[in-house]
Amino acid sequence: MFSRSCISLLELASGDMLNFPQTPRNLPRVMTIEGIIPDVKNSDGSNNEDTNVVPSECREKKIIVANFLPLHAQKDAESGRWCFSFDEDPILLQLKDGFSSGDVVMYVGSLKVDIDASEQEEVSQKLLEEFNCVPTFLPPELHKKYYHGFCKQYLWPLFHYMLPMCLDHSNRFDRLLWQAYVSANKIYADKVMEVINPENDYVWVHDYHLMILPTFLRRRFTRVKLGFFLHSPFPSSEIYRTLPVRDEILRALLNVDLIGFHTFDYARHFLSCCSRMLGLDYESKRGYIGLEYFGRTVYVKILPVGIHMGRLQSALNHPSSSMKAKEIQEQFKGKKLIVGVDDMDIFKGISLKLLAMEQLLQQHPELRGKVVLVQIVNPARSTGKDVQEAKKETYSTTRRINEVFGFPGYEPVVLIDRNVPFHEKTAYYSLAECCIVNAVRDGMNLIPYKYIICRQGTPNMDKALGIPLDSPHTSTLVISEFIGCSPSLSGAIRVNPWNIEAVADALNVAITMPDLEKQLRHEKHYRYVSSHDVAYWARSFVQDLERACKDHYRKRCWGIGFGLQFRILSLSPSFRKLSIDHILSAYKRTSRRAIFLDYDGTIMPETSIVKTPSPEVISVLNNLCSDPKNTVFIVSGRGQDSLSEWFSQCENLGIAAEHGYFIRLVSFLTYT
């Protein structure tokens, strides 16, 4: 009897389980890229071999799969037609700079707007032809349960160490939301299948929204070249083990060839989960970490993502950035600026940051009127009671600080709660003496990287701000030890965001630090950030993915398991299963036979409470030993006294006790 989590993949694909209406399953047959569109499943229902293989002369593609496409979408009010443009903010678009110029890059994901069913076919063709994008149109009800339900209300809090202990602040596990998550992942996988050439293409799946997708792809194409990168934290095993579908997600992730994490801690937690919950071993060879999983090696990569240098420098050189920077410089003339940029959510620690600012002004009255915290609040990515409470607390704390420590012409905290243009953020970064990121838990957070590059400046920005040519640049960072970029920035002041006094002291150290020390810390950070940009990250990941996939066609592969327990059994081409007939034939032909038998796990089951051999075992061993052609040995880690007592009735049985430290040939001889 199957568990409820081992759902039939075909049932989920049909959508019958959740009664969701069907979305267009196939792209228009007009394509601008060479290739064919495979059918949804094999004609014979098998999954052991790749079918519908595209000819090898087709160009290699990199297929990037994520929750959302890197696109802006807007409907023209007059014509009623949809207009699309690339969104330059997402890493998904920026990472293609790390690929070879000849590579074709395709994107699979959802749009951030709802498209009417009657328009989906036209929009699909337009996006494929003009943007190399393949949209996945999720029915609204499915999208709500998948994204706002399972992803945002369950996975995201759990991966940020929030357990569903209290219904006021979290959601208990709902199996309907889990089924919606699996159904959505199947739809994404179907779209990948429509454009993939499994012999040549590489598929790179991103983030926790699509952790089940690898199972669907691997089931369809046993040798698909598949990578996955998790942009959020991966929690410790003590947290992750509370997830009711923990095994299904782990096994799905193990269907990829390469798994990437931002930090060593995230990778260590994942490996610990695989070890404790699935009993898998891992080892490090030549700098690579590998998990052995049914004959396949699943590699683990640790590399924090970087930023797009060109985009930041272009923004700094734009006239609008210079104009805004001069305006801000005049607004805060004579004051030291501390900047914070965060999404409005419960894990970014905005309220803790404000409390630290309050503590700073209490402990150092001389800083009143001289220090300003500019807190930019990005729009919340999710909705819910927690977000509203965090926003309410942020506003009330800001109001209290300004009332107590402010005076005419001076507000110690400037809260900017709107969609701030990119050029305006770069202006604030360029002028801030210090940047503080105080998140209580965050996967990576690239705000410190952006701040460092903006503080390095450009000739245009320096000229606008009146900074002399060749003047040394400085920056100071106060960052939480619980964010992914913390290990990479060794010159930053690391803090425990829950320790308000320590954060206040760190802010004081940052704004009073000697200029020479600020310069040395800044130069160290700039060298790292500028050399480890998003192109370096993408290039490194793809190179390791290619290396991880190089043995795909050197082994024989079989798909085994039902539902989400599906996995690939990979064996050497020279592997042959021993048949009983072959063993008996060889046994009868030989005149001398050596038979070595392990005790625990072979003669006696590992789970057996009674460890003494049964009469049946003694009888079988005596029958083997009675043949003069046989030399039979028990090999065990157990002591010589126990083994001698248990097998005292087997006179011709040899024993190698304590892993061979003590050996006797027959019962009447002593151990040597």
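Predicted model: local features only at pLDDT ≥ 70, side-chain atom pairs only at ≥ 80, totals over all residues.

Colleague: In what sense do strands β1 and β6 pair, and over how many bridges?
Modeller: Numbering starts from 1 along each chain as its sequence is written, and side-chain values use heavy atoms, leaving out hydrogens and water. Strands are DSSP runs of E, at least two residues, numbered from the N terminus, with helices being H or I runs of at least four, and pairing takes at least two DSSP bridges. On that basis β1 (residues 61–68) and β6 (residues 202–206) pair in the parallel sense, over four bridges.

Colleague: Which residue in β6 does Ile-63 stand opposite?
Modeller: Stay with the β1 and β6 pair. Opposite Ile-63 you'll find Val-203.

Colleague: Which are the edge strands of the open sheet?
Modeller: The nine strands run β5-β4-β1-β6-β7-β8-β11-β10-β9, with mixed pairing. An edge strand here pairs on one side only, which gives β5 (133–135) and β9 (282–285).

Colleague: How are α12 and α17 oriented to each other?
Modeller: Axes are lines fitted to C-alpha atoms, for helices over the stretch in contact, with angles from 0 to 180 degrees between N-to-C directions. Those of α12 (residues 350–363) and α17 (residues 500–512) come within 8 Å and cross at roughly 65 degrees. The class for 65 to 115 degrees is roughly perpendicular (under 35 is roughly parallel, over 145 roughly antiparallel, the rest oblique). So α12 and α17 are roughly perpendicular.
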